[in-house]
Amino acid sequence: MDIESGYTADEPDDDDALEAEDRQPIDALAEYLEAPNVADLLDNEKLATIGEKVIREYRIDKSSRSEWEERNREAMDLAMQVTEVKNYPWPNAANVKFPLLTTAAIQFAARAYPAIVSGSAVVRAKVVGKDEDGSKRARGERIATHMSWQVIEDMVDWEADTDKLLHIVPIAGMAYRKTFFDPILGKNRSQLATADRVVVNDNATDLETVPRITQEVDFYPYEIEERFRSGIFKKAELGLTAGEDDDAPHVFLEQHRTLDLDDDGYAEPYIVTCHVDTSKVVRIVANFEADGIALNEAGEIARIEKIHYFTKFGMMPNPSGGFHDIGFGYLLGPINEAVNTTLNQLLDAGHLANLGGGFIGSGARLRGGQAKFRPGEWKAVNTTGTSLAQNLVPLPVREPSIVLFQLLGLLIEAGKDISAVKDVMTGTAPAGNTPATTTLALIEQGMQVFSAIYKRIFRSLKAEYKKLYRLNGQYLQDEEYFQVLDEEQAVRREDYDASDLDIVPVADPNVVTNMQKLARAEFLMQ
């Protein structure tokens, strides 16, 4: 018996009789490992208990990050230029949203996206260990070519999701990619999941050790029926969603968690899918493999290695120590609000100064009510000019304050310092006859913030590709053919079995430095 794998399919003989007890903990889990849906093996009372536990703990995790969720909503509204009707200092007062955060997100995505998807090759393989005959290198090239084709061509939503992810991360601070085998489509997928719909307790340290990860998933009624009929979901009466639309999607929770289904005192990793409105469990699958079970000397389960689906793409670690990263929305939010307030005060002051108005004394013989003028119009009044001038007193309204205008510029520059959105970085040449060395220094300084964030994106891409590598080793056909540049190529599933390759993005973390070198060369040539 393999103690590390903890399971063998061979029938025991007389010599193995002494090891029968050692296999019992594994045999108890064998049925759950092989079951397409563990929920079909459990009674309704057990499923109800699990469903209530899933909903309760999901709400606990969601409550732990309530402050982050509120800041995230405010940041999204700010980036989307969402405005509300203002009634102060008067109804429908100026309410302009300065696009400081929007510009920062667009600039970040515009730099990172071409660096990550610079062509048809986005994955490369690094050989680990000796390669005297060159076989590892040849296999690595096959894998790199196949995985690059896979994410760009076969996984049709991967590139579009990457573009979207790079716009979300600078605003919200983080997003996720969920890498999994889709039984409906029959192929691997790496799907974007926004941070507001993937709930992790804010006290967690990382995704690998957290006890629960919950994703909010929407399914239309026809998709639910498809899963009922294909056996993916256990049939249950879910009722109708609130509202008049019978085709509105139902919200499910897909919770990656631990459950002690074999009652041995050790909770195993499972994925539980639960309907939110009814708390009914429709699917449970084992989130581990037989070779991921390790036993101790007493024959008990010592550890079960769970399978990881989610990859976290973060911008900046939370300085307070919380799990949820922060983005420009968190950092620029107060400054952007101050910029908005200052700008709107200047507009309101200009409006008052241009509008005019004041007091009319009793000595001026004018018609009652307001006197409205069209451009170039003169009105006749029954009074002398001197008397009219003495009886008209305009309101003491000042022009927009120059000090307030200078403060506005200071706030905008402070925001640009945080987000690295300097004029020289957006293609605008410095004013005046600026020396080349000064411009290069500005470019170098302006790229510092972006370079640090980009390296974190690189680390996450590497983790995502490793998950896809593992799935290819499990679900790829024995030999799969694909076309690159009209040339048919092949890769074998056994190519993905070994662990002597390290899968990394083509987008090297130092590519930003290379871009800077090119920018320097072009500037010096000019």
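1. In which strand does valine 123 lie? Valine 123 belongs to strand 1, which covers residues 123-127, and in this predicted model the residue counts as buried because its relative accessibility is 3%, under the 20% cut-off. Leaving aside neighbours within four places in sequence, valine 123 is in contact with Ala144, Met147, Ser148, Tyr465, Ile503, Val504 and Val506. The C-alpha atom of valine 123 is separated by 7.5 Å from that of threonine 145, a residue 22 positions away along the chain.

2. For the overall picture, the protein has 526 residues, of which 42% count as buried, and it contains 13 helices and 16 strands. Among contacts with a separation of 6 or more, 69% are between residues 24 or more positions apart.

3. With a relative accessible area of 18%, serine 451 is classed as buried, since the value is under 20%.

4. The largest pocket deserves a careful look, with a volume of about 1300 Å³. Of the 41 residues that line this pocket, the closest to its centre are Lys178, Phe180, Phe181, Pro183 and Glu254. By class, the lining is made up of 23 nonpolar, 5 polar and 13 charged residues. Several elements each supply at least two residues of the lining, including strand 2, strand 3 (187-194), helix 7 (221-230) and helix 12 (448-475).

5. Aspartate 182 lies in strand 2, which runs over residues 174-182, and it is buried, with a relative accessible area of 8%. A polar atom of the aspartate 182 side chain lies 3.4 Å from the backbone nitrogen of leucine 185. Apart from neighbours within four places in sequence, aspartate 182 is in contact with Lys187 and Arg189.

6. The structure holds 11 aromatic pairs, one of which joins phenylalanine 181 and tyrosine 475: the ring centres are 4.0 Å apart and the planes stand at 5°, so the pair is stacked. Because phenylalanine 181 lies in strand 2 and tyrosine 475 in helix 12, this pair ties together parts that are 294 residues apart in sequence. Both residues are partly exposed, phenylalanine 181 with a relative accessible area of 26% and tyrosine 475 with a relative accessibility of 43%.

7. What arrangement do the rings of tyrosine 270 and phenylalanine 288 adopt? Their centres are 5.9 Å apart and their planes are at 85°, so this pair is edge-to-face. It links distant parts of the chain, with tyrosine 270 in strand 7 and phenylalanine 288 in strand 9, 18 residues apart, and both of these residues are buried. Elsewhere, ring pairs link Phe219, Phe228, Phe233 and Phe252 into a cluster.

Note on methods: Residues numbered from 1 in each chain as written. Predicted model: local features only at pLDDT ≥ 70, side-chain atom pairs only at ≥ 80, totals over all residues. Heavy atoms only, no water. Helix = DSSP H or I, 4+ residues; strand = E, 2+ residues; numbered from the N terminus. Buried < 20%, exposed > 50% of the residue type's maximum accessible area, 1.4 Å probe, protein only. Polar contact = N/O pair within 3.5 Å; in protein donor to acceptor, adjacent residues only side chain to side chain. Contact = heavy atoms within 4.5 Å. 1 Å grid on protein atoms, 1.4 Å probe; cavity = no way out; pocket = protein on both sides within 12 Å on 5 of 7 lines; lining within 4 Å. Points joined across faces, edges and corners; volume = space filled by probe spheres on them. Nonpolar A, V, L, I, M, F, W, Y, C, P; charged D, E, K, R; others polar. Phe/Tyr/Trp six-rings, centres within 6.5 Å; stacked < 30°, edge-to-face > 60°.
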